[in-house]
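Me: I am new to this structure and would like to know what stands behind the words used for it. Please set each value against its definition as we go.

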Protein chains: 2
Amino acid sequence: DRNTGGCNSQTGRVASADPRNNITPRPLSVFFYFVCASDVCMTFLPCYCIFVCTDLLPASGGEKVTKEFLHELLNILLGYICKSSRRSGKVLDFHHPHQLKEGLEGFSLQLTDKPETLEQILVDCRDTLKYGVNTGHPRFFNQLSSGLDLIGLAGEWLTSTANSNMFTYEVSPVFILMEEVLLKKMQGIVGWSDDEGDGIFCPGGTISNLYSILVARYYFYPEVKTRGMRALPQLAIFTSEHSHYSVKKSAAVLGMGSENVLMVKCDESGKMIPVELESSIVAAEERGLVPFYVNATAGTTVYGAFDPFNDIADICHGHNLWMHVDAAWGGGLLMSDRHRMKLQGIERAWSVTWNPHKMMGVPLQCSVILIKKRGLLQDCNELGAEYLFQRDKPYDVSYDTGDKSIQCGRHVDVFKFWLMWKAKGSEGFGSQVNKCLENAEYLYDQLQRRTGFELVFKNKPEHSNVCFWYIPPTMRGLPPGPDRDTRLHQVAPRIKHRMMEQGSVLIGYQPLGDKVNFFRCVFSNPATQQEDVDFLLDEITRLGNDL
Amino acid sequence: DRNTGGCNSQTGRVASADPRNNITPRPLSVFFYFVCASDVCMTFLPCYCIFVCTDLLPASGGEKVTKEFLHELLNILLGYICKSSRRSGKVLDFHHPHQLKEGLEGFSLQLTDKPETLEQILVDCRDTLKYGVNTGHPRFFNQLSSGLDLIGLAGEWLTSTANSNMFTYEVSPVFILMEEVLLKKMQGIVGWSDDEGDGIFCPGGTISNLYSILVARYYFYPEVKTRGMRALPQLAIFTSEHSHYSVKKSAAVLGMGSENVLMVKCDESGKMIPVELESSIVAAEERGLVPFYVNATAGTTVYGAFDPFNDIADICHGHNLWMHVDAAWGGGLLMSDRHRMKLQGIERAWSVTWNPHKMMGVPLQCSVILIKKRGLLQDCNELGAEYLFQRDKPYDVSYDTGDKSIQCGRHVDVFKFWLMWKAKGSEGFGSQVNKCLENAEYLYDQLQRRTGFELVFKNKPEHSNVCFWYIPPTMRGLPPGPDRDTRLHQVAPRIKHRMMEQGSVLIGYQPLGDKVNFFRCVFSNPATQQEDVDFLLDEITRLGNDL
């Protein structure tokens, strides 16, 4: 009763002769497998309908099934990768939550007590990709991370095959050393000297920013580690009104209170105004707060603005404040000879957040916190758990860097990045960044040439962010004011809604301060070409023309 | 000048006719590729010596090279996977940091300005695996996470191919729904009713535990989010002396102070003693502290002990304290009908940490925090960033769960777990857990039968942890006391040192309290059989016999 019916379905649930006949896992001979693959089943997938996961390694004799299964998976993934890179394919095939939950074409998200066959597993893999969003598509502009770097992907596949952990040199010797190599490389690129610089890879830019505040607090008040915030004065943090919300989030998590994050005013293009910082610091001191930390941003989330780092560094120096640069998004520009001057002064920062998973195109996730002063990260976070960080190991235990982390187990995020650097060289990253910024300039030019588009701010974008409104024909004659704003506020969401339904392109929008909903286009995908920029504007026009 | 010399090297640096001749990335025709692969190069790898990463997709015409490259990678990974599952292979091939940094057989960790060929990239992949630790080997007992689940691996490969982010339903519709399905499933298994339960996947057990304290603090003192710890009384946290160090680490990060984590005494087998908890609470109150949170452990890190949850729940109820259960390691036992009674009372917890990447064998990393009261996680962490969490989206935005997180971008850790559940069913996880615990029982029996071994505590292990000393022949007659202890303390590290050099097996050791260095064996790898347990004991005897 092995053959449980048709296994030629190409989507959804695999048909079963008798649905009550649950398959019990048991090892099957390779011989039987061949019979099945060649004779019984009429399908494009080899017949996995009789195999279950316990037939895979480490099952004795499982090599053959394992190889075939992973080859079949590779074919599915390759099909997706190739399709993703074609402009003819959709960016997404939108369904509402309730539709996906009801099960589309037999794709069921529900989990049961009994195992599924390997064939069903492969079908589930294909369906998962089918109903997801194609973030590698050349016309996916929705997020700061986009594209699919094949070398990075190879790195991630290897990482998961190695399935190790960044605790200690003992379990991850190669990855620990790669982390050291990359951190040093990045510190050098930031502009720190060889005898300074420390850091760690961590899960995302928000956690990187959190580290910077955590370490800064410890630097000024080491007693906080044991005694907590109540032993400290009321600290104040400064960041620009255009900066990322992670500064406030971190302050809340760290027990410092989000209201003690003081928002410094920006100029029209989203850059922090240094005199505003200076006066905020003075005002906070007058209110009895103790300023200790300033976050400057290299590449704000919406506008892509770069704060004036040297001016901010002067102020921090004058007041003895920790200067952090959140270069999560803008750090990539350091790789480009053409654009790195936009980060002038970053070398004066005491800590830097940099997300290779954004502008450098490393697969998610890959984020770094760099700390200028060595040893601080370890002192701030170490607890010396003896089951992991034994001092009587037979190697140099300074390589057991896991106690620098606020995590215990830590995913290996470094290898894909290392491999990409090997494959591209620093120069390759530079070209990639240049190309993204050329696309942004092209969009900026097109927006000025085409009718119906309006820039949110006039200056040429410094990063790859381009912010704009689409003004439908019926609104073009309207005078500025609340009525126009109310109508304009609804344009971007409505166009986006149609975009999602059509699946042709994806771009983000948001309001900001007194500005109603506008589109933010960002370029970080090396697959994107000028024709995609043209397509985006054509599509917005087509979808918004009647609004 | 395309053919840069020999490309038949099987390890290390690919030979180049002229090392100064740096290869410039440029697209190559598929035709040229075939000529190369069939004629020019004498190698087991197809000739990638003329291709570089810019020949891969999204390069125009890059499909062919992409497919060949990923197939070649798959062969390397499959070779590793198959070798890993063979007992004849080594667990590790140890090298000191300075040896790896100097470059072994041409394997260079250093990064340069110029790109490498795809051939070199594949060689680097092979070398990275070669010098790493084989965590999937049936004789790797070093960490709570071990083994290599092939379905989980497939899930991780797909995840990285999809390269998405858990921000919003908009970019990760399928993964967001899978997270919901799994969280509900796990909440049900913990024993919570359908109308309670919330949670999120997060990067590791320490961060999960940190969430529990963060949310508990917010529950009692919501003003902490905006005003910080200084607006609160001095809070106290209770956890057992055998619990994981993440409780202290979290208290330090959250600004609560590690000294305000009060360590409750345990019995001989590592379980928290309820009357000790009660008296600690009373004593803390008398000192002016405000108790608010108790961490109980399901499966302590070293002993694998389960705290008495019902007794602890009674005490928490009496004092109106938040009860958290850290089931990072022990949660997996809930999947087994045979063992789940060890977690009796866990359903009374207000939050639970559970790491599927430990006992359930999900690839790293996969960790969950479950919170009983709905909405708390969102209220505690949300900041409502308008560029991500627009309220005017065309779908039910309650599915944009990203603002529950302390992260912004969040890696997709859920898919591999979902896929494994599909493939195994709940029952499959149960059998896997049972098997690991059978191995532990077998080891426990063998230790009592063999000469030269001594158990650290007499009771049968509750989890798969087995703690023991090896007593070399010369020490067997020594009376208990400081002299014997001093010598015994050195035995485990010295055996481990030799183990690492031989690479035959890997197991952890540590001191604990007044107990000198002892081995801790843990079973979470379904590949491990009784013969591996025998091998471990034989090997310890062989390596430690002369000490």
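Reply: A salt bridge here is a side-chain nitrogen of Lys or Arg within 4 Å of a carboxyl oxygen of Asp or Glu. By that rule, ten salt bridges are found across the interface of chain B and chain A. The model is a predicted one, in which local features need pLDDT of at least 70 and side-chain atom pairs count only at pLDDT 80 or more, while totals for chains, interfaces and linings use all residues. Side-chain values use heavy atoms, with hydrogens and water left out, residues are numbered from 1 along each chain as its sequence is written, and chains are lettered from A in the order in which they are written.

Me: Why is the pair Glu427(B) and Lys114(A) called a salt bridge?

Reply: The closest N and O atoms of Glu427(B) and Lys114(A) are 2.9 Å apart, and the limit is 4 Å, so the pair meets the rule.

Me: What makes up the side of chain B that touches chain A, by class?

Reply: Counting Ala, Val, Leu, Ile, Met, Phe, Trp, Tyr, Cys and Pro as nonpolar, Asp, Glu, Lys and Arg as charged, and the others, Gly among them, as polar, that side of chain B has 82 nonpolar, 44 polar and 29 charged residues.

Me: How many residues does the contact take from each chain?

Reply: With contact meaning heavy atoms within 4.5 Å, the contact takes 155 residues from chain B and 155 residues from chain A. The buried area, which is the accessible area (1.4 Å probe) that two parts lose on being put together, summed over both, is about 13,900 Å² for chain B and chain A, with 64% of it on carbon and sulfur atoms. Leu111(B), Arg230(B) and Lys422(B) supply 6% of the area that chain B buries against chain A, more than any other three residues.

Me: What is the strand order in the open sheet of seven strands, and why do S2 and S4 of chain B count as its edges?

Reply: Strands (E, at least two residues) and helices (H or I, at least four) are DSSP runs, numbered from the N terminus, and two strands pair if DSSP finds at least two bridges between them. The order in chain B is S2-S8-S7-S6-S5-S3-S4, with mixed pairing. Strand S2 (198-202) and strand S4 (261-264) of chain B each have a single partner strand, so one side of each is left without a neighbour in the sheet.

Me: How do you know that S7 and S8 of chain B pair?

Reply: Four bridges join strand S7 (residues 351-354) to strand S8 (residues 367-371) of chain B, and at least two are required, so the two strands count as paired. They run antiparallel, and Thr353(B) stands opposite Ile369(B) in S8(B).

Me: Which strands does helix H6 of chain B lie across?

Reply: Helix H6 (residues 173-190) of chain B lies across S2, S7 and S8 of chain B, at about 115° to S2(B); axes are lines fitted to C-alpha atoms, for helices over the stretch in contact, and angles run from 0 to 180 degrees between N-to-C directions. Helix H11 (residues 309-319) of chain B packs on the sheet too, touching strand S5 (290-297) and strand S6 (322-327) of chain B.

Me: Why does the salt bridge of Glu454(A) and Arg484(A) tie together separate parts of the chain?

Reply: The side chains of Glu454(A) and Arg484(A) meet at 3.1 Å, N to O. Glu454(A) lies in strand S9 (residues 453-455) and Arg484(A) in helix H14 (residues 482-489) of chain A, so the pair joins parts that are 30 residues apart in sequence.
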